[in-house]
Amino acid sequence: MEPLFVVFLQSGITEKYIIKIMYRTNTCGELNLQNAGQTVTLCGWLQRSRDLGGMTFIDLRDRYGITQLVFNMETRPDLCEKARKLGREYVLQATGKVAERSNKNPKMPTGEIEILVEELNILNPAKTPPFTIEEHSDGGDDLRMKYRYLDLRRTPVMRNLELRHRIAMLTRNYLSDLHFLEIETPCLIKSTPEGARDFVVPSRMNPGQFYALPQSPQQYKQLLMVAGYDRYFQLARCFRDEDLRADRQPEFTQIDCEMSFVEQEDVLQTFEGLLKHILKEVKGLEFGAFPRITWNDAMKYYGSDKPDIRFGMKFIELNDVVKGKGFGVFDNAELVVGICAEGCAEYTRKQLDALTDFVKRPQIGASGLVYIRCNGDGSFKSSVDKFYTPEDLQRIAEHCNAKAGDLILVLCGEKMKVRKQLSELRLEMGSRLGLRKPDEFAPLWVIDFPLLEWDEETQRYYAMHHPFTAPHPEDAPLLDQPERWGDIRANAYDIVLNGNEIGGGSIRIHNRDMQNKMFHTLGFTDEKAQEQFGFLMGAFEYGAPPHAGLAFGFDRLCAILGEADSIRDFIAFPKNNAGRDMMADAPSPISNEQLDELAIRLVPQEEK
RNA sequence: GGUGCGGUAGUUCAGUUUGGUUAGAAUACAUGCCUGUCACGCAUGGGGUCGCGAGUUCGAGCCUCGUCCGCACCGCCA
């Protein structure tokens, strides 16, 4: 990085003026032996001081690094006395000569030099912080959230936010070069009941009426297509009033994109290109064409619509080889399915019990786990030896491609449920075997999602993606056959990285008849469709081009590339588990005056 | 809405299994000594509503119930 001085010069300010106005000539991360002899001024925070009696060392920290300041009792007793009184996190300005150290520290980039301080200004004293501002802080999660502005001083968090900035710039430049325009869409919009819960904002000027915050700029970006902005993107803030997770915040950022006059292949190529570009620039990794898998196959082989393909361990369906041998649990099951864990035949009883407990946890809900050990001597030991002869087990092992030394784990039950359960077990085994390395990246497209999803509770179909998603052309006729609605594929796709859904999109419906048919399928009356989506439907009558789009979860993408599990440290000011900002203590009650102005009356909790 | 784990010094934790004298450690902080440290070292010192409330008991940091808070997960997240 350029020294600060040079950056200022390049900005066109004259040198004479700079010296007068500049707090600092250099940052704390850029000085080395070549600067020896120069007089410099640095500013920063006191990271740590070491008082040796006759001399005092201070580590001065800023965003760019740490530089050591030296104070000597013999040469400047006044400054040395001053320096030894300073506390952690004091804000300092120090001027002095860059000098070669007699004892160099190879562990730090500036370790060959130090500053012989001639002038020291305390720009601001500081209270002792409640936790240490270091690479590995001694602070717990909630304390760090409460004092987030201190946590943000720590280098790991700074590096995360720098990474976020880099990915944002790479994205903007890449898409801009492809003629995409970044266009902002409103945050105060109309509430629509489909999908996630809306955050809602009362309107003072329209008493009793509310805006919603966007769950995504979906309808606006489609209107931009109607308006002829044929390539749009936005790093868009989105809001969803749902429960939080480590990788889910109530407000989050999407790389939101839409294109006109394209087919699915164009969209996939464009955004595969974007992700390849980011992976290359950030990680130095080059990829060929990303693998693609249909949703049906993803469910069949991984039990998940976002498979982690950093490792194999694909599902093997076993109905044909296990049924009819008198083991009622298998015989009565809709699906018997297993995975083969290579080299795990040595698993002890205790380890197998732990796995059984894992799948029986209420969150997963399997009723039991069957194992088959393929011993080194070619024999088998299983939890169902009573029902299966060695020859039966041999046949199952062959079906699973299991070798001597492998362990076959089998679950059974209702098809979709057991797939989901085995998916959890597969990921658990992957973790236990160290196959889910955070510095390995395995992107994947999942295509041909179902268009509709049956909801037991409300007894109706919902759009799996959203109501503007086009059906797969081959399946469109099935919209006229309600009994086949569950089989209709959509022209929808997700992009998956290391078992995380990092993006998704679809071809949109641009034809009025098709859209009407879709609303009908979803149980919307004409009036309701008109009320909810009227402005979009109206726009579509004035010449909507064929269009399609995709949105990346930007925070999640940053966290994965930052090799972290939680997105919180890639957001400057995140919310906690309960959606609270622990630093600002939001949300909070508002005054009666504010409520009156908004024409809102609160109902006491006990009346509910 | 549900499940699990946790809450003890400024901070991170031990102590809870088996209730029993003055609740410990490390680190941070303060004071003093120390001229080449870089996790400096040495000495001394201060620092506690054991989350909160109720109960059991002669006696509760420890057991029971309730409650609040944090984290992870299930449901939810078109």
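Reply: Start with the labels. Helices and strands here are DSSP runs, numbered from the N terminus. This is a predicted model.

Me: In which loop does Pro587 lie?

Reply: The peptide bond from Ala586 to Pro587 is cis, with omega near 0°. Most peptide bonds are trans. Pro587 sits in the loop between α17 (554–561) and α18 (592–597).

Me: Is Phe261 buried or exposed?

Reply: Phe261 has a phi near 55°, a positive value in a residue other than glycine. Its place is the loop between β10 (251–260) and α8 (264–283). Exposed means over 50% relative accessible area. Phe261 has 63%, so it counts as exposed.

Me: Where does Ala599 lie?

Reply: Ala599 is not a glycine, yet its phi is positive, near 60°. Most residues other than glycine have a negative phi. Ala599 is in the segment after α18.

Me: Which element gives the most to the surface near RNA strand B?

Reply: RNA strand B is surrounded by 48 residues, the closest being Glu74, Asn103, Met464, His465 and Asn577. With 3 residues, the element that gives the most is β1.

Me: What is the distance from a phosphate oxygen of RNA strand B to an N or O atom in the side chain of Asn576?

Reply: A polar backbone atom of Asp51 is 2.6 Å from a base nitrogen of RNA strand B. A polar backbone atom of Ala463 is 2.5 Å from a sugar or linking oxygen. For the side chain of Asn576 and the phosphate oxygen, the distance is 2.6 Å.

Me: How many charged residues does the surface near RNA strand B have?

Reply: Sort that surface by class. It has 11 nonpolar and 18 polar residues. The charged residues number 19.

Me: Which element gives the most to the lining of the second largest pocket?

Reply: This pocket holds about 740 Å³ of space. β1 (39–51), β2 (55–62), β3 (65–72) and α6 (155–177) each give two or more residues to its lining. With 5 residues, the one that gives the most is β2.

Me: Which residues lie nearest the centre of the second largest pocket?

Reply: The lining has 9 nonpolar, 10 polar and 14 charged residues. That lining is made of 33 residues. Nearest the centre lie Asp59, Ile66, Asn105, Met108 and Thr110.

Technical notes
Residues are numbered from 1 along each chain as its sequence is written. Chains are lettered from A and ligands numbered from 1 in the order in which they are written. This is a predicted model: local features need pLDDT of at least 70, side-chain atom pairs count only at pLDDT 80 or more; totals for chains, interfaces and linings use all residues. Side-chain values use heavy atoms; hydrogens and water are left out. On a 1 Å grid over the protein atoms alone, a cavity is a set of points where a 1.4 Å probe fits but cannot get out, and a pocket is an open set with protein on both sides within 12 Å along at least five of seven lines; lining residues have an atom within 4 Å of a point. Grid points are joined across faces, edges and corners, and a volume is the space filled by probe spheres set on the points. Helices (H or I, at least four residues) and strands (E, at least two) are DSSP runs, numbered from the N terminus. Ala, Val, Leu, Ile, Met, Phe, Trp, Tyr, Cys and Pro count as nonpolar, Asp, Glu, Lys and Arg as charged, and the others, Gly among them, as polar. A residue is near a molecule or strand if one of its heavy atoms lies within 4 Å of it. A polar contact is a pair of N or O atoms within 3.5 Å; within protein, one must be able to donate a hydrogen and the other to accept it, and residues adjacent in sequence count only if both atoms are side-chain atoms. Buried means under 20% relative accessible area, exposed over 50%, partly exposed in between (1.4 Å probe, protein chains only).
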